Amino acid sequence: MSTLDLTSSADAALVARARSELDAHTHEIVQWHFHESTGCPFWLEYKSKLKFDPLSEIKSFDDLKKFPSFEDEWLRGGPVRRWAPKAFADKPIYVFETGGTTGVPKSRIAIDDWRTDYSLFSKTLPDEFFPPGANWLMLGPSGPRRLRLAIEHLAQVRGGICFCVDLDPRWVIKLIKKGWMEHLEAYKQHCIDQALTILGAGHDIRCMFTTPKLLESLALALEKKGTTIREAGITGIFSGGTEFTPQWTRFATEEYLDGVYMTPTYGNTLMGLACSKPVTAAEGYKIAYYAPQPRAVVEVVQFNDYSRSVSYGATGRVKLTTLTREFFVPGFLERDEGEREPPYVKYPWDGVSGVRPFHELAEATTVGVY
């Protein structure tokens, strides 16, 4: 990460403090995962293959460049307990999956990370639109993904109850790949019908998680019934997915939301949840995401050199580093690209905007319900 020339000394101080905290946190997490008494079997074994000693040589975030890029194939298949730190061996362990449309899905162990991620995210939601005590609708992927449990936890942290639909994104992607668009439409309607039933059942639901595509489908289904998302009682929407673009956000704001607050997010099973700056018409509905540092770090790196960040405003590939006691992932290359954004006062570290499928993999990427 290069030094940012900020106009305000207070902002510069915030950036410097955040960086200092990240360096200290990085050192702590590496000590945890590579020490014989606390580390996980995978990293303890991998340490013998390295040409350096992580315990003595990783003292800052930049030192993580000593590691080779993390290979996502390491997350496919078992035994999954090789990722469980010795210090947590007796803890109840969850496993969350991603992908899995073809072949073995990637998976990660989790104990409390998902609760921590969403408890922290809860603090960023305005009570005006996400009232404490309000009930939630989870209109998104279920099954072995963490979203279902995470949204339930978010609702509970805020004093509400979460209602969920049954949705299998792997089946959606198979339908798309087979070209069975009639079946795809039927399955999408099946999911929307579940949401309509819940919203019409008197549960006093005010808040919702959904993806852009499903939000649009829900709005159209309510329109056919002569009502709107706002009239259905929703006041706040937390949404995520690669379909979030400034153009779509403006359209949704003007055509579907009628004053309902919507906050975009960028997240996955490895990262947690990256919050966005407030999306405004004044900035052309631009969406900039900021990872939950120091627990996770997002960098936008050069296409021909993944060890170097691009300049602010330039385009590069998204690189993720996860730094929690439950899971350590240095330099994971996401299947996304975007533009590097400067630190924001609320999140004084680098961000990313314009997130979209990485161009070299875009043709092989099926977006599905997102």
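1. Which residues line the largest cavity? The model is a predicted one, and in it the lining consists of Arg108, Asp113, Asp117, Leu270, Met271, Gly272, Arg295, Thr322 and Thr324. By class, four of these lining residues are charged, three are polar and two are nonpolar. The space inside the largest cavity comes to about 40 Å³, and the count of cavities of 30 Å³ or more is one.

2. The second largest pocket has a volume of about 350 Å³. Its lining comprises 20 residues, and those nearest the centre are Tyr261, Met262, Thr263, Pro278 and Val279. At least two lining residues come from each of α9, β7 and β8 (272–276). Strand β7 contributes the most, with four residues. In the lining of this pocket, twelve residues are nonpolar, six are polar and two are charged.

3. The aromatic pairs number 39 in the model. In one of them, phenylalanine 70 and phenylalanine 332, the ring centres are 6.1 Å apart and the planes meet at 55°, so the pair is classed as tilted; an edge-to-face pair would need an angle over 60 degrees. The two residues belong to distant parts of the chain, 262 residues apart: phenylalanine 70 is in the loop between α3 (54–57) and β1 (94–98), and phenylalanine 332 is in strand β13 (residues 328–341). Phenylalanine 70 is buried, at a relative accessible area of 6%, and phenylalanine 332 is likewise buried, at 6%.

4. How are the planes of phenylalanine 96 and tryptophan 114 arranged? They stand at 85° with the ring centres 6.2 Å apart, so this pair is edge-to-face. Because phenylalanine 96 lies in strand β1 and tryptophan 114 in helix α4 (residues 113–122), the pair ties together parts that are 18 residues apart in sequence. Both phenylalanine 96 and tryptophan 114 are buried.

5. Ring pairs connect Phe34, Phe42, Trp43, Tyr46, Phe52, Phe67, Phe70, Trp74, Trp83, Phe327, Phe328 and Phe332. Phe70 and Phe332, the two members of the tilted pair, are thus both found in the cluster.

6. Two contacts between a charge and a ring deserve mention. Lysine 178 places its charged end over the ring of tryptophan 180, at 5.1 Å from the ring centre. Over the face of tyrosine 312 lies arginine 340, with a distance of 3.8 Å to the centre of the ring.

7. Another joins glutamine 293 to proline 294, with omega about 5°, and proline 294 is located in the loop between β9 (288–290) and β10 (296–302).

8. Aspartate 204 has a phi of about 55° and is placed in the loop between α7 (181–199) and β5 (205–210). For aspartate 258, phi is near 50°, and this residue is in the loop between α9 (246–257) and β7 (261–268).

How values were computed: Residues numbered from 1 in each chain as written. Predicted model: local features only at pLDDT ≥ 70, side-chain atom pairs only at ≥ 80, totals over all residues. Heavy atoms only, no water. 1 Å grid on protein atoms, 1.4 Å probe; cavity = no way out; pocket = protein on both sides within 12 Å on 5 of 7 lines; lining within 4 Å. Points joined across faces, edges and corners; volume = space filled by probe spheres on them. Nonpolar A, V, L, I, M, F, W, Y, C, P; charged D, E, K, R; others polar. Phe/Tyr/Trp six-rings, centres within 6.5 Å; stacked < 30°, edge-to-face > 60°. Buried < 20%, exposed > 50% of the residue type's maximum accessible area, 1.4 Å probe, protein only. Lys NZ or Arg CZ within 6 Å of the ring centre and 35° of its normal.
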